[in-house]
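These exercises ask you to work out how two chains are arranged and where they meet. Try each task with the structure in view before reading its solution.

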Number of protein chains: 2
Amino acid sequence: MLEKILYPTDFSDASKKALDYIKQLKQAGIKEVVVLHVIDEREIDAIFQHSAVRFEDIVRSIRADAKKDIDAVERELKKDGLTVKVRIERGIPFREILRVEEEEGISAIVIGSHGKSNIKEMLLGSVSEAVVRKSKKPVLVVKR
Amino acid sequence: MLEKILYPTDFSDASKKALDYIKQLKQAGIKEVVVLHVIDEREIDAIFQHSAVRFEDIVRSIRADAKKDIDAVERELKKDGLTVKVRIERGIPFREILRVEEEEGISAIVIGSHGKSNIKEMLLGSVSEAVVRKSKKPVLVVKR
């Protein structure tokens with residue numbers, strides 16, 4: 001029922017708090033956690049448009065930063081005896097989350113409720129709201 | 001972290017499925033469940049407007065039906081060794097849910113994602129979406 005959790009993270013405070021709940025839920029049967037970070041391609045485009053740096057170099061730099069952060073999450077979950085798989089994808093966050101949910105055969109999603117870009121999200125509707133609306137599986141939304 | 005759960009139910013299939021998750025989460029530390037049914041006052045108004053029955057009699061009849069349903073939920077949760085409190089309130093569902101959340105000092109909410117009135121909810125946004133947006137506590141949204 002809660003065997004395989006998808007944990008999408010943007011490394012924000014809300015995402016970090018969601019991690020505490022995953023550890024707590026371990027006692028309710030979580031065995032494996034897929035940790036997913038989505039590099040928002042719209043942000044890469046925005047940076048690219050306003051800089052002299054090559055597109056591939058921007059992606060490489062963002063990916064390297066994300067790799068460091070996601071590796072720290074992996075270590076933290078493994079320390080708790082969980083099986084962990086990490087994935088860094090590029091695209092529109094909520095779409096990638098739903099794609100990975102299908103692909104990995106996820107039982108439930110645990111997600112923070114606010115990303116880093118709060119004003120933008122207030123206007124566009126947050127990633128977590130879109131995930132709650134579209135996901136076929138239970139979603140635990142954790143507030144900051 | 002998950003000691004006292006608020007479980008708002010409209011007795012729909014999604015609500016029933018949410019109940020299974022509460023039982024599962026017991027192993028993660030749930031001790032008490034507040035089961036809440038909100039009688040939607042807009043529905044009472046609609047019935048009143050189109051019937052010859054007195055307002056108080058409509059409320060009494062709806063409340064009696066809800067009492068039967070909520071007592072069954074209470075028995076089911078108690079059988080699992082949980083402390084249960086039931087509440088039947090009257091008002092706008094998402095507002096009552098948030099009010100009871102504050103009043104009871106809830107740690108997290110477990111809620112079904114679709115009420116019975118799907119077309120209405122597609123237009124107005126579902127109760128669970130409003131709860132996810134406004135609640136200060138973690139919300140587990142369970143799909144039908």
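**Exercise 1.** In this predicted model, find what rotation and what shift along its axis superpose chain B on chain A.

*Solution.* Begin with the superposition itself: a rotation of 180 degrees, with 0.0 Å of shift along its axis, places chain B on chain A with an RMSD of 0.0 Å. That is the relation of a two-fold axis. Next, look for the residue of chain B that comes closest to this rotation axis, which is Leu140(B), with its C-alpha at 2.0 Å. Finally, compare the two sides of the interface: 100% of the interface residues of chain B are also interface residues in chain A, so the copies meet through the same surface.

**Exercise 2.** Determine how many residues of each chain are in contact, and what area is buried between the chains.

*Solution.* Counting the contacts first, 21 residues of chain B touch 21 residues of chain A. The area buried between the two chains is about 2,100 Å², and carbon and sulfur atoms give 60% of it. Of the area that chain B buries against chain A, Met1(B), Tyr21(B) and Lys143(B) supply 29%, more than any other three residues.

**Exercise 3.** Describe the polar contacts and salt bridges between the chains, and say which elements of chain B give two or more residues to this side.

*Solution.* Between chain B and chain A there are 12 residue pairs in polar contact, both residues being at pLDDT 80 or more, and the count of salt bridges is two. One of these joins Arg133(B) to Glu129(A), whose closest N and O atoms are 3.0 Å apart. The elements of chain B that give two or more residues to the side touching chain A are helix H1 (13-25), helix H6 (127-134) and strand E5 (139-142). Sorted by kind, the residues of that side are 11 nonpolar, three polar and seven charged.

**Exercise 4.** Work out how strand E5 of chain A is joined to E5(B).

*Solution.* The two strands run antiparallel, and three bridges join E5 of chain A (residues 139-142) to E5(B).

**Exercise 5.** Turn to the salt bridges over all chains, and locate the partner of Lys23(A).

*Solution.* The structure holds 33 salt bridges over all chains. Lys23(A) forms a salt bridge with Glu76(A), the closest N and O atoms being 2.6 Å apart. This pair links distant parts of the chain, 53 residues apart, with Lys23(A) in helix H1 (residues 13-25) and Glu76(A) in helix H3 (residues 55-79) of chain A.

Notes:
Residues are numbered from 1 along each chain as its sequence is written. Chains are lettered from A and ligands numbered from 1 in the order in which they are written. This is a predicted model: local features need pLDDT of at least 70, side-chain atom pairs count only at pLDDT 80 or more; totals for chains, interfaces and linings use all residues. Side-chain values use heavy atoms; hydrogens and water are left out. Contact means heavy atoms within 4.5 Å. Buried area is the accessible area (1.4 Å probe) that two parts lose on being put together, summed over both. A salt bridge is a side-chain nitrogen of Lys or Arg within 4 Å of a carboxyl oxygen of Asp or Glu. A polar contact is a pair of N or O atoms within 3.5 Å; within protein, one must be able to donate a hydrogen and the other to accept it, and residues adjacent in sequence count only if both atoms are side-chain atoms. Helices (H or I, at least four residues) and strands (E, at least two) are DSSP runs, numbered from the N terminus. Ala, Val, Leu, Ile, Met, Phe, Trp, Tyr, Cys and Pro count as nonpolar, Asp, Glu, Lys and Arg as charged, and the others, Gly among them, as polar. Two strands pair if DSSP finds at least two bridges between them. Copies are superposed by least squares on the C-alpha atoms of residues with pLDDT of at least 70 in both.
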